Amino acid sequence: MSKQEEAGLILKLYELRREETMRKARDWYFREFNPESFADFNAAIMGEHTGHLRMVLTYWDMAAALVNDGAISKELFNDTNGEHIGVFAKIEPLLGEIRAAYGPQFCSQTEKLIDATPDGRKRVATNREQM
């Protein structure tokens, strides 16, 4: 893939993040969603904000899949994005329970990207502490 095509994908991902419903979902995720237990996560995914939660998590998992499969380089993606770190930071402590309930692939692309990113887990931990 050419650098121009990669840049086009990055810009498309940015456009999608700016869409009104996605903005609302992201605002809710970062301002109101603070799960401390699997029960908190489950209440959100079964509650009125299920669409917001699923939209944010699946958006970043899709974006991570583009990187993991080579459509966008890790360097370009990480130079232009950081929100996936914060998204993952909120669910990482619950991931085992979430996957037991909802399947082993839950946010697996995001996790794979985090692990392939230099200091990825450290960045996640730092982000979680800051939230």
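This is a predicted model: local features need pLDDT of at least 70, side-chain atom pairs count only at pLDDT 80 or more; totals for chains, interfaces and linings use all residues.

Me: Is Ile72 buried or exposed?

Reply: Look at the relative accessible area. For Ile72 that value is 0%, so the residue is buried. The cut-off for buried is under 20%.

Me: Which C-alpha separation goes with Ile72 and Ile10?

Reply: The two C-alpha atoms are 7.7 Å apart, while the residues sit 62 positions apart along the chain.

Me: What follows α4?

Reply: Gly70 does, with a positive phi near 90°.

Me: Which residues of α4 are buried?

Reply: Among them are Leu53, Val56, Leu57, Tyr59, Trp60 and Asp61. The buried residues of α4 pack against α1, α2, α3, α5, α6 and α8.

Me: How do I describe two packed helices?

Reply: Use the angle between their axes and the distance between the axes. Take α3 and α4: their axes come within 6 Å and cross at roughly 105°. The range 65 to 115 degrees counts as roughly perpendicular, so α3 is roughly perpendicular to α4. On the α3 side, Phe41, Ala44 and Ile45 make the contact; on the α4 side, Thr50, Leu53, Arg54 and Leu57 do.

Me: Which residues touch the most other members of the largest nonpolar core?

Reply: Tyr29, Phe41, Leu53, Leu57, Phe77 and Ile91 do, in a core of 33 residues. The helices α1, α2, α3, α4, α6, α7 and α8 each supply at least two core residues. The largest share, eight residues, comes from α4.

Me: What does Phe41 touch, beyond residues up to four places away in sequence?

Reply: Its partners include Leu53 and Leu57. Phe41 also touches Phe33, Pro35, Ile91, Leu94, Ile98, Tyr102 and Phe106.

Me: Last one. Where is His49 found?

Reply: His49 is in the loop between α3 and α4. Its side chain makes a polar contact of 2.9 Å with the side chain of His52. Beyond neighbours within four places in sequence, His49 contacts Trp28, Glu32 and Ala44.

Definitions and conventions
Residues are numbered from 1 along each chain as its sequence is written. Side-chain values use heavy atoms; hydrogens and water are left out. Helices (H or I, at least four residues) and strands (E, at least two) are DSSP runs, numbered from the N terminus. A polar contact is a pair of N or O atoms within 3.5 Å; within protein, one must be able to donate a hydrogen and the other to accept it, and residues adjacent in sequence count only if both atoms are side-chain atoms. Contact means heavy atoms within 4.5 Å. A nonpolar core is a set of buried Ala, Val, Leu, Ile, Met, Phe, Trp, Tyr and Cys residues joined through side-chain atoms within 4.5 Å. Buried means under 20% relative accessible area, exposed over 50%, partly exposed in between (1.4 Å probe, protein chains only). Axes are lines fitted to C-alpha atoms, for helices over the stretch in contact, and angles run from 0 to 180 degrees between N-to-C directions. Angles under 35 degrees count as roughly parallel, over 145 as roughly antiparallel, 65 to 115 as roughly perpendicular and the rest as oblique.
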